Amino acid sequence: MEIRTAEIAGVKIGDSYPVCIAAEIGTYFGTDLVLAKEYVDVAKEANVEFLKTEILHDLSVLWDSSMTHTYNTDFGHKTENYRDLLKRKRVPLNEYEKLIEYCSDRGLPVIASVYDMKGVDFMVASGGASVKIASQNITNRPLIEHCAKSGLPMIMDTGNALLHEVAGAVKWAEDMGVQNLIINHRPDGSPCPADKQNLRLLQTYSNAFGWPVGLACHYNGDEMIYVAIALGASFIEKPLYHKKVKDDQDTPFVLYYDEFIRMVKKARNCYVALGDGIRQLQLPEQLECRACIVAAKDIKECEPLCLDNVTFAWPKKGIPAEDWNDVSRKVATKDLQKGRPIGRDDIQSVDDQKQPGG
């Protein structure tokens, strides 16, 4: 299936374009807008294409106030009341507006996960670049359809969704006229171990749906990013964090500022290294080191050439080694000295050999 090209804020995303990277700041800044702007500055220094956050403005997205959430930190498992967790990360829309404006002033388009219709409308009104469906909303048809109708490019996190669930979400978006869509593989887990990554799903999604695919990296490290690029990921999300100590929800798979900047450089190198799969340039110095046919011992005039009296060595100053099958069993036109390349004038076929007394 031909893979379509998506576009977010003028940036083309697809097989024919360089990999794009979004610095994921999620809700790691809590309610601290100063810290959020620090994240933006680091993302800009890293030279990523996008900043990724979440529009978490309304606690009613969780109706059960008794629900708890357990997550990993550097200090072990931590269980927290889910409503309390969201409360310490809830940011009013007017504060998000300041963050988007700060990003806009620095030429950094904003992608945001949205959890309700109002969040979608806010992204449209405030100049957001793209909306994202978080993995827990992959079956939220009304939200997906509202995103698609908004006109903004969409990203879908698949999480642990089955293929038919992803297919349903893609169809809902397409039926509502989505023009730009990226399907994100988001391995399940915080962090997700290597043996659970299943990165070949990137190829499955690409072949099944014909949209660009990406990776939301939930691995404790950066190597899965480079594998994903090799497998065709056109879009990469990776969280950055302001502390080396990973002490909050979803921090076991973050990168500290300097680690994040190094990762972006390596990801760019990985994409460039893929090339186009076509060998177009042969360097003269490489060709010179190819083998030719050389006399392995002194060869007498009229003596047939065979593997007992020739060898193959470089530089290629005589008959190329690839022509050996045409040369084998031909005879020397004169005495040939050991170690000397054998040229075309040094051999002839048996039929052309001078007859005695001729």
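This is a predicted model: local features need pLDDT of at least 70, side-chain atom pairs count only at pLDDT 80 or more; totals for chains, interfaces and linings use all residues.
Local features were taken only where pLDDT is at least 70 and side-chain atom pairs only at pLDDT 80 or more, whereas totals for chains, interfaces and linings use all residues. Residues are numbered from 1 along each chain as its sequence is written, and side-chain values use heavy atoms, with hydrogens and water left out.

The protein chain contains 11 helices and 17 strands, these being DSSP runs numbered from the N terminus (helices: H or I, at least four residues; strands: E, at least two). Its radius of gyration, taken over C-alpha atoms, is 31 Å, well over the 21 Å that the globule rule gives for 358 residues, so the chain is more spread out than a compact globule. The globule rule is 2.2 Å times the number of residues to the power 0.38. Along its principal axes the C-alpha trace spans about 110 × 45 × 40 Å. Buried residues account for 48% of the 358 residues, where buried means under 20% relative accessible area, exposed over 50% and partly exposed in between (1.4 Å probe, protein chains only). Of the contacts (heavy atoms within 4.5 Å) between residues at least 6 apart in sequence, 66% join residues at least 24 apart.

The largest nonpolar core comprises 84 residues, and Met-154 and Met-156 have the most contacts inside it. A nonpolar core is defined as a set of buried Ala, Val, Leu, Ile, Met, Phe, Trp, Tyr and Cys residues joined through side-chain atoms within 4.5 Å. Helix H1 (residues 33-46) gives the most to this core, with 8 residues. Another core, of 12 residues, lies apart from it and includes Ala-295, Leu-305, Val-310 and Leu-336.

Beyond four places in sequence, the residues touched by Met-156 include Ile-133, Ile-138, Ile-144, Leu-181 and Ile-183. Ile-144 is among the buried residues of helix H5 (residues 141-149), together with Leu-143, Glu-145, Cys-147 and Ala-148. The cover over the buried residues of H5 includes strands E7 (110-114), E8 (130-133) and E9 (154-157), as well as helices H4 (117-126) and H6 (163-175). Just after H5, Gly-151 takes a positive phi of about 90°.

Ser-135 is situated in the loop between E8 and H5 and is buried, with a relative accessible area of 16%. Its C-alpha atom is 7.2 Å from that of Met-156, although the two residues are 21 apart in sequence.

Most residues other than glycine have a negative phi, and most peptide bonds are trans. Ala-9, in the loop between strands E1 (6-8) and E2 (11-13), has a positive phi of about 50°. Cys-302 likewise has a positive phi, of about 75°; this residue lies in the loop between strand E14 (292-295) and E15 and is partly exposed at 34% relative accessibility. The peptide bond from Ser-190 to Pro-191 is cis, with omega near 0°, and Pro-191 is placed in the loop between strand E10 (181-185) and helix H7 (201-209). A cis peptide bond also joins Trp-314 and Pro-315, with omega about 5°. Pro-315 belongs to the loop between strand E15 (310-313) and helix H11 (324-327).
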